[in-house]
Structures are given as C-alpha cells and as structure tokens.
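Please read it alongside the sequence and the coordinates shown.

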Amino acid sequence: MRLPLRVGQVFSVMPVDVATGAWSPRRAVYAVLLSCGLSALAASSAAMQLLKEKRVLTDLMVVVFYLLASVMSWLFVQLGRGWATLLGAFRAQERQHGVSPGLRRRLTLITGVLLSLALVEHSLSQMQNISAVLHARPNASGFGEYFEAYYRGQFPMVILVLGYWPVTAPVVMFLNFSATFLWNFTDLFIMLMGVSVASRFKLLQQSVSVASGNTPKLRPPPVLGRAYWRDARRAYNSLSKLVRLVDQALNVQLFVSFLNNLYFICMQLLRGFDARSDPSLTWVARGYVLFSFAFLVGRTSAVSLLVSSVHENSRAMQDVLYCVCSEDYSEEVYRFLVQVTSEMVGFSGLKMFKVTRGLLLTVAGTILTYEVVLVQLN
C-alpha cells in the first residue's frame, strides 16, 4: 500500500513514514494545519447557512462536505499513531504464511481506477462551475474578473469572513481540492484494507484446501493429523485477531464513509430530479449530476463488496472443513469448524453493524426510503 499512501500524504493523509510506520512530526504539523483549515471552511459554511433567511436542502451539501472532510482528516491523523502496529501485524502474517500472490497488482489497479474516476468527476464539477460563470458574466473584461466571479460563487463562506483577497485564493482552492481528495481517499483506503485482509484468508483457505486433498487432483485425501489442524486453526485465529485489530482502527472511518456516501447519494439523486425540471441547465451540468450520481453508487457498492469479502473469505474455510475425511476428523477439526461457523469475522461501522454482502441491499433500501422523504420536504 505504499503507492496510495504516498499519494495520500500530499494531502496530509497518514503523517507517518510509509516504510516503517514511524510517526513523522513534520507531516503531523502539515496534517493538523490542513485539518484546521477544513474545519474553518466547515464552520464558515455553517455560519453562512444560518444567516440565510430561506434554506434549501441541497445548499446544506457544502456544509456536510467540508464537515465530513475535516472529520476524515482528523481521523487519519489519529490513525497515523497506530499505523506502526497495523503494519507490524501485516508483516508478521507475511513472514509466517507468505505474501498473497497478485495482491500488489490488485491494489494498484483499484487505486488507479478509483482516483481516475474521482478526477473525472471533479473535472466535470469544475467545468460546470466555469460554464456557469461564463454564462452569468458574458461581458467580463478579462481573466481577473472571471476569476473573481468564480471565486465568489464557489467560496461565498470565505467572502463572508475575509472578503475577496486574491492572495488567499490558492490556499482556499487547495483546501477545497484536499477535501475532495479525502472524500474519495477514505473509501479507497477502506477498500484496500479490506482486500488486503481478505487475501490473507483466501491464501490460508487455498493452502488448507490443497493440503487436505479438497481438489480434483488428489485422490484419496491424505490424513494430515491433529497437529496440522491445530496449526491451521491457530493460523485462522491469528487472522481473526488481525481483523479485530484493523476493525478497531478503522471502524469510525467506515461509519463516516457509509454516512457520507448515503447522504450524498440522496442529495445527488434529489439534484437529478431538480435538473430534469430545470430547462436552464447546460449539458455540462446535467452530465456532471448524472456521472457524479453513478460514481457515488459505484463507489459505495465497491466499498460494501470489497469490505464484505473479509467476511466471505473467512467463512469459505467451512467448505474445506466439511470435506475432511472421517479418518482425519478429530477434536481439532471440530473446534476449527465451530469457530469458523459461529464467529462473526468482518469489519464494522462504529461497532454498530458488520459489513456483509447483505448490507448493500440494506443501504439501497435506506436510500430509497430517505429519498422519498427528501422529495416531499423539498
């Protein structure tokens, strides 16, 4: 995970040394400053909404966007303090049981695809904003006037507090881009952690499956003995402890991720309904709303499916244990089977729910329910 973490550190994610997991004071200062900047944008956005006489539901998106971005930034600062422990746990698994084949290539592919789609989504958003400025100010005298109109339209909360100072524009725009990056990187980081842990269970399941003769190539199945099954159960136990360790570090991020995605899917769907009845919207604006909604749905589905693969791969061991021959069946196999079938292994959101495949349908039902309420309120 060095590549995504190095990319994330440009935007203050994980103030640690990527290779060793050691805390980096310089990166920590940068992370705290950026977190404070995002918190200031969230506070000023909330103040601006409170000063409005008439409020629209979709206008609150800006407040929630910066608020959750600042929360995510602070959570990554906190996660950095325990990253060395997590890194050590993963490396201990690799020393004992080997490296998962193809894992690095898969993590790189997921990182490239998601960040590329996120860049497209952000580019469409900026194209929409620039198109709105050009349409509203057709007689502007030059770039400076266009830029001021763009800045006032995108960051009215900063104008409310500081007024228009061109010198502050690069800082505010960087904070805005950092918030967008954190919005996507949180989901990406959770996906990568889920894939990494699930690959460890898959590697163990394949190893035990081959050794126990649960393949078409080996007949009759060998008798492995109590010692082998005891070692296999202990290896599974160590992976269960790894899941609990990762879940302890990430359960808040996972909850914020689902909360963030649920809210913005509802809001983008509501904006899509408004866009259908607004003839003044350009094709760029309509394309952005459509792509953003599809991207949010796809990203939320990817988070649910990849994180739930931890639970699915942990349960896959029972298929191997059910096929153990009678000559090899022992108390160790029985204890192993009971643990696999009864223990709920997986990531959770704030310890309130476990992420399984069925959660995706629950989220879809929740979105539909809240969307009906939002349409009525709007």
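1. A patch here is made of residues with over 30% relative accessible area and no salt bridge, nonpolar side chains (Val, Leu, Ile, Met, Phe, Trp, Tyr) being joined within 5 Å and like charges within 9 Å. A salt bridge is a side-chain nitrogen of Lys or Arg within 4 Å of a carboxyl oxygen of Asp or Glu, and accessible areas come from the Shrake-Rupley method with a 1.4 Å probe, only the protein chains shown counting as cover for residues.

2. The model is predicted: local features need pLDDT of at least 70 and side-chain atom pairs pLDDT 80 or more, while totals for chains, interfaces and linings use all residues. Residues are numbered from 1 along each chain as its sequence is written, and side-chain values use heavy atoms, without hydrogens and water.

3. On the surface, Leu 51, Leu 160, Val 161 and Leu 162 form a nonpolar patch with about 410 Å² of accessible area together. Its largest share, 3 residues, comes from helix 7 (residues 156–162); helices are DSSP runs (H or I, at least four residues), numbered from the N terminus.

4. Leu 162 lies in helix 7. Leu 162 counts as partly exposed because its relative accessibility is 48%, between the limits for buried (under 20%) and exposed (over 50%).

5. A cavity is a set of points on a 1 Å grid over the protein atoms alone where a 1.4 Å probe fits but cannot get out; lining residues have an atom within 4 Å of a point. The largest cavity holds about 30 Å³ of space, and its lining includes Gln 9, Arg 27 and Tyr 30.

Terms used:
Helix = DSSP H or I, 4+ residues; strand = E, 2+ residues; numbered from the N terminus. Buried < 20%, exposed > 50% of the residue type's maximum accessible area, 1.4 Å probe, protein only. 1 Å grid on protein atoms, 1.4 Å probe; cavity = no way out; pocket = protein on both sides within 12 Å on 5 of 7 lines; lining within 4 Å. Points joined across faces, edges and corners; volume = space filled by probe spheres on them.
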